[in-house]
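Please open the structure in a viewer and keep the selection panel at hand.

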Amino acid sequence: MPMNCAIIGSGNIGTDLMIKILRLSEELEVKMLVGIDPESDGLARAGRMGVETTHKGIDGLVNSPLFEGIDILFDATSAKAHLHHAPILKEHGKRSIDLTPAAVGPYVVPVANLTEHLDAPNVNMVTCGGQATIPILWAVSCVAPVIYGEIVASIASKSAGPGTRANIDEFTETTARGIEEIGGARKGNAIIILNPAEPPLIMRDTVYAFCENGDEKEITESIDETVARVAEYVPGYRVLKDPIFDEQKIAMPDFGEYHGLKVTCLLEVEGAGHYLPKYAGNLDIMTSAALQVGEVMARYMQKEVVDN
Amino acid sequence: MSSRLIINDVTLRDGMHAVAHQYSLEQMQAIARKLDEAGIPIIEVTHGDGLSGSSFNYGFPAHSDLEYIRAVKEVVMQAKVAALLLPGIGTIEEMKEAHKAGVDTIRVATHCTEANIAAQHIETARDMGFDTVGFLMMAHMIPTPQLLEQAKLIESYGAQCVYITDSAGALLMDETRERVRAFKNELGCEVGFHNHNNLGLGVANTVIAVEEGADRVDASLAGMGAGAGNCPLEVLVAVLQRMEIETEVELYPLIDGADQIVRPLQQRPVQTDGNALMLGYAGVYSSFLLHTERASKRFGVDSRDVLIELGRRKMVGGQEDMIVDVALDLLKQETSAEAD
């Protein structure tokens with residue numbers, strides 16, 4: 001028996017996630033898509049696909065007869081909206097998977113730390129750039145101590161929605177924290193670039209991991225293994241070049257001087273093209289990772305039910 | 001022509017690119033003293049890529065932005081101090097710290113099509129009392145009407161000045177004139193112009209901007225800046241004096257600063273040589289120059305080919321990471337061609 005879920009937010013992310021669950025999931029059944037705009041394409045799409053909808057936001061969801069039977073909520077609205085939704089959902093004993101930068105619950109990057117947070121009532125999906133790059137830093141951290149981690153995420157302008165644009169600092173700040181907390185770097189730094197080229201460019205990410213020391217072969221193997229595991233839930237996720245190694249000294253103001261090994265990793269994330277165009281790998285990796293969290297969480301919750 | 005032309009010096013910001021962000025505090029102070037003595041109204045002091053540019057991608061500086069800013073604030077008597085901020089690299093948090101350190105002018109820079117990622121920064125900067133400037137980079141990449149639309153957005157967020165920023169030094173003379181004229185006709189706020197000397201038009205295009213009524217223009221001592229450098233300040237001032245355009249700036253301290261302090265600091269001459277020329281020719285962000293030369297040496301590929309390919313791929317400011325990617329692709333092509 002699949003677990004029941006609903007998605008709050010009928011924009012690009014919420015709609016893509018709905019289609020992914022309908023097409024791919026064995027563990028989840030989408031009961032409702034929650035929006036605030038009755039004219040939105042997402043709600044219309046849901047209607048055509050046989051998914052119940054409300055355009056009355058969180059109130060419409062809570063007052064729906066379907067609400068009681070729903071176990072997991074995906075929130076694809078905004079940080080501000082999620083701060084309002086989170087306590088309501090918690091009060092009703094629902095699990096939240098938060099795709100906004102609100103960070104009410106712990107950060108989760110499935111390949112790295114999902115199993116640590118299966119009991120958390122609310123988990124946060126960091127950022128698109130975080131989902132793409134933190135796995136690499138985590139992979140390096142598994143075999144070598146990472147002093148400093150830095151990422152550059154380049155996304156197509158067309159794939160950056162109004163929410164991202166209005167609050168771009170949230171991306172850099174949240175991703176940098178994720179690099180430290182999950183990626184294992186003592187200091188994290190994140191950069192995002194919007195490129196308007198036509199045709200739009202596929203999401204690109206560059207990861208720099210600076211280690212105290214490390215074995216090049218071990219690091220490469222750890223990265224390859226991790227990339228393969230991420231690709232299981234994000235099929236368009238790939239490294240484009242072998243990792244580049246530079247032994248060097250760095251001096252960072254306010255952080256110190258170190259001698260170590262710099263690892264450079266060049267990645268690409270191509271979307272699955274479900275609801276969003278293939279170049280928007282940044283959006284696809286968010287919905288794919290959230291789906292993975294939902295699936296694993298659903299399996300875990302069912303097991304709990306059986307065990308008790 | 002506008003009332004008084006404001007010259008915004010960038011020796012201590014764009015010039016950071018030319019020394020891989022390694023000025024000492026003493027060097028910055030010596031340069032700032034000369035600029036201040038000459039009467040330059042605004043001196044920009046930041047990592048070449050703006051606040052928080054310190055990174056593998058752009059280079060780690062010798063000192064933090066705040067150390068540089070405080071050092072310059074200590075020695076200037078009349079000049080205002082500016083800082084650059086690129087949303088996506090630096091944040092409002094760093095802007096606040098810069099404000100506390102005494103920065104008067106904040107210049108918020110985005111790629112020329114992405115003005116709306118700066119709305120929050122510009123609005124906050126105005127609330128904090130900054131002299132607030134919007135900086136539309138790589139302005140050669142889109143036609144004037146589109147550029148103007150973006151400029152109107154910047155103005156609507158509250159910026160007091162919008163810059164046409166020719167980051168690739170790729171604008172031709174008519175293209176410069178058309179852009180400045182359109183901005184002056186359609187905007188209520190001030191209009192600024194920043195360029196690079198990659199096609200040898202550093203002074204010429206800046207003079208055109210002034211003729212068309214630009215309120216602010218950027219320049220640096222001995223052209224110290226990314227690529228072939230910026231419009232050389234001492235040359236610009238000499239030309240403007242010959243044109244009898246009032247800047248209230250003295251020429252000799254600038255010539256002394258350029259010849260005695262700045263030029264001796266150039267480890268790689270800042271000039272329109274082959275690679276720098278290719279930036280303007282291919283329309284590539286000027287600060288890619290040193291990174292490209294390093295990648296060319298490391299992977300054994302022709303830096304001119306790398307720059308042309310970066311231009312073809314339409315890379316924008318900040319995508320320095322793509323230089324290594326392109327170099328590796330070219331290397332692979334060469335290797336497979338040899339194998340055939």
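**The contact between the chains**

Begin by selecting both chains: 29 residues of chain B are in contact with 31 residues of chain A, two residues being in contact if their C-beta atoms, placed from the backbone, lie within 7 Å. On the side of chain B that touches chain A, the elements giving two or more residues are α5 (119–128) and α14 (321–339) of chain B. The largest contribution to that side comes from α14(B), with four residues. By type, the residues of this side are eleven nonpolar, 13 polar and five charged; Ala, Val, Leu, Ile, Met, Phe, Trp, Tyr, Cys and Pro count as nonpolar, Asp, Glu, Lys and Arg as charged, and the others, Gly among them, as polar.

The model is predicted: local features need pLDDT of at least 70 and side-chain atom pairs count only at pLDDT 80 or more, while totals for chains, interfaces and linings use all residues. Residues are numbered from 1 along each chain as its sequence is written, and chains are lettered from A and ligands numbered from 1 in the order in which they are written.

**Chain B as a whole**

Of its 340 residues, 62% count as buried, that is, with 20 or more other C-beta atoms within 10 Å of their own, C-beta atoms being placed from the backbone. The C-alpha trace of chain B spans about 65 × 45 × 45 Å along its principal axes.

**The barrel**

Now select the strands of chain B. In what order do the eight strands close into a barrel? The order is β1-β2-β3-β4-β5-β6-β7-β8, with parallel pairing; two strands pair if DSSP finds at least two bridges between them. Zoom in on β1 (residues 6–9) and β8 (residues 216–219) of chain B, which run parallel and are joined by four bridges. Here N8(B) is opposite D218(B) in β8(B).

**Helix α6**

Finally, select α6 (residues 144–156) of chain B, a helix of 13 residues. Its buried residues are L147(B), L148(B), Q150(B), A151(B), L153(B), I154(B) and E155(B). Among the elements covering the buried residues of α6(B) are α5, β5 (131–137), β6 (161–165) and α7 (173–186) of chain B. After α6(B) comes G158(B), with a positive phi near 115°.

How values were computed
Expected span 1.5 Å × (residues − 1). Buried ≥ 20, exposed ≤ 12 C-beta atoms within 10 Å, placed from the backbone.
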